[in-house]
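Here is a short briefing on one helix crossing and some charged pairs. Have the model open as you read along.

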Amino acid sequence: METIGNIIKDYNDKSVSMPMVALRGLVIFPQMTMHFDVGRQKSVKAIKTAMEQKKNIFLSAQIDMECDDPRTSDVYRVGVVCEIKQVIKLPGTDALRVVVDGLYRAQLLSINSANPFLTAIVSKVESKKVNREDSIYEQALVRRLSAVFEEYSYLLPKMPPDVIIGVAVRKETNELTDYILSNIPLEYSLKQSMLEELDPIRRAERLCAVLSKEKELLAIEEEISERVQEQIDENQKEYYLREQIKAISEELGEGEDALSEVESYREKIRAIGFCEKTEKKLLRECDRMMKMQPSSPESAVTRTYLDKITALPWNEFTEDNIDIEKAYASLDKDHYGLKTVKDRIIEFLAVRKINPDVKGQIICLAGPPGVGKTSIAKSLAAAMGRNFARISLGGVRDEADIRGHRKTYIGAMPGRIIEAIENAGSSNPLILLDEVDKLGSDHRGDPSSALLEVLDGEQNCAFVDHYLEIPYDLSKVLFITTANDKSGIPAPLLDRMEIIDIPGYTYEEKLQIAKKHLVPKQIKENGLKKSLVKFTDKALKEIINGYTKEAGVRQLERLIASCLRKAAVEYAKGFDGRITFKDTEIADYLGSRKFKPEEKSAKNAVGVVNGLAYTAVGGTMLTVEVVTMNGKGALELTGSLGDVIKESARAAVSYIRANADKYGIDSTFYEKKDIHIHFPEGAVPKDGPSAGVTVFTALVSALTNCKVKSSVAMTGEITVTGRVLPIGGLREKTMAAYVEGIKTVIIPKANEGDLDEVDEKVKDNIEFVFAETADDVLKTALV
């Protein structure tokens, strides 16, 4: 036996036992007639037992409607004792339809679930009597409650008239509240709380508040319903008018094609889901088009405009699928070397994977032509699972190329940004802005200024193309830019980008790229087989050294293709053997060498020093020659030199003059000797401060008649106090020294940390000497 709270051991004389049914979502009140269906076996047996024994039945609502086997804690404590009026068996099931009359409130004392049905022990509870002092208040409350109910009934659809009459004739709060509650739709939990309220005055007050709130809700619902109906009426009116227009068009012989075309545009515009302002603008364009003759030029302009609007991928996005390991593998497969660049790309992908909504990351890949900037961007798009589009900005001078033309002009079209998004087919592609440093400007505007909004993560969420005239969200687009010369990028545009420098390939990297990528690619493109042709390493080195002078590998690839085409001719003639390209035969295929090797003397010499320089196509050996002659102290500098390299040479002369005694040089040499400093290959412009130590060493050698080691090369800037300052391009310069067979390279002490970027093969074959002062250079360089 389960009880509520404590187990009740002694029941008073008023407690009775009777069958019980737990109701789901229903609450019955005294003096209320209600019918409901019974399907649970225990409930069916309780009904049948009550009918057989001519007993009343206790009905109480379940707390949890989903409970199938309710116990004491699962039902409310207050219910109603009812008299069963009618029981009907539902056809095809064991369920019953029961009609009951509520008699009085009762409190549940305990439930006995041992029987095949629930048996409840209940005690009748009486509502509180209204005191004589409260009778006037009760009358006023009855009036107020009746008035509120009348207002409520006007708003509630299909309120039976007999219920309104029944409310009007009842004058006691106890009876009136129970009657109203039994005839209005309320949540069963609220009805249950009203059933448990034994003070009729308090119950009536609460019911007044509930009806007032329901009245407000019904008024709002009616207002909403009226608005919806007005919209429906408006749509019906519009439909009717359009049908009339269609009929008139058919009578005029224009057909319904134009009208159906406009309707098609309307459907597409509504399906996209524009904001209200944009949708109204586009629908107005549809209305204008409907009023035009289909053959008129204005109609063609509007049709083209709407076609472009509806063709854009407004709500189409690809899902980023970033796998760091696969990205590593993809970059290594497509690009040899470039470790620093790859690491930065992987860091970028890792941040995107952790925080997909990150904004403002605009990467600029800066480097010489042919080093793989575009292919890196393609690999990045593939690693992210995004569509790829490329925009070439070289030679663009018109702002309209970026923002588009006003659609009022003949032949107007959107700008390149919108065109790229349409071609990509999604609103979040990776767009490559190629050659951003080649942008120009003239009287038609400055396209670099138009790009400022495109590349600004805080502004491009509402980019307005002049042709579209409506905002397009570019914040989900990933922009990658490329440039050959960073100095050609306007400062405001450069400020919005993160620069990743891609240096030119070293000699060793070019060799590996040729072996692993270029040769297999060109064999396939020329219709040959790997088993039929082969390049020896010496042959590839000969092509690299003798026929190319570039930072990238484009010319190298063209030369390899040229060799393979000549091999294809042989096979087309019927040759069935294997062709091997050797270094001694390359001239037969490509002609004589285009670039002769630097003539580096194998003997130590006076006034001749091997310097190292960095050019746009990589590192190179730069020989400096100094001769002295009797004269009046003139200083001659030749070799197509820039201002910086001239100043560096004068600084070296000044330092030697200040320290002539230290190096055993006649302190009046600048009065008695003319000095000529020459940089060979006079047609090639030269500039930069890194030849300072080279000029200094050559001057000391010439003035002291002391030879310089031919196996030593050097680079570094020198000051008038003899300090050696750091330089750039160490990776390329040391590779040039390695190719030329140099054994020792002198570099500034401050560049010691940059050796991590130097090729391992170079470090294995060259001894590096770190110099802090000019004296450190001479100790190693002079014989």
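At roughly what angle do the axes of helix α17 and helix α18 cross? The axes of α17 (residues 507-525) and α18 (residues 537-547) cross at roughly 120 degrees and come within 10 Å. This is a predicted model, in which local features need pLDDT of at least 70 and side-chain atom pairs count only at pLDDT 80 or more, while totals for chains, interfaces and linings use all residues. Residues are numbered from 1 along each chain as its sequence is written, and side-chain values use heavy atoms, with hydrogens and water left out.

- The angle makes α17 oblique to α18 (under 35 degrees is roughly parallel, over 145 roughly antiparallel, 65 to 115 roughly perpendicular and the rest oblique).
- α17 brings Tyr507, Lys510, Leu511, Ala514, Lys515 and Val519 to the contact, and α18 brings Asp537, Leu540, Lys541, Ile544 and Asn545 (contact means heavy atoms within 4.5 Å).

**Salt bridges**

- The count comes to 42 salt bridges, each a side-chain nitrogen of Lys or Arg within 4 Å of a carboxyl oxygen of Asp or Glu.
- Asp68 pairs with Arg24, with the closest N and O atoms 2.4 Å apart.
- These partners lie 44 residues apart, Asp68 in the loop between β4 (57-61) and β5 (78-89), and Arg24 in the loop between β2 (16-23) and β3 (33-38).
- Arg202 and Glu205 meet in a salt bridge at 4.0 Å, N to O; they are three residues apart in helix α6 (residues 200-252), so about one helical turn separates them.
- Lys521 bridges to Glu557, with the closest N and O atoms 3.1 Å apart, and the pair links α17 to helix α19 (residues 554-572) across 36 residues.
- A network of salt bridges links Lys281, Glu285, Arg288, Lys407 and Glu469.

**Exposure of the partners**

- Buried means under 20% relative accessible area, exposed over 50%, and partly exposed in between (1.4 Å probe, protein chains only).
- Asp68 is exposed at 55%, whereas Arg24 is partly exposed at 38%.
- Arg202, at 42%, is partly exposed, and Glu205 is partly exposed at 29%.
- Lys521 is partly exposed at 40%, but Glu557 is buried at 17%.

Technical notes: Axes fitted to C-alpha atoms, helices over the stretch in contact; angles between N-to-C directions. Helix = DSSP H or I, 4+ residues; strand = E, 2+ residues; numbered from the N terminus.
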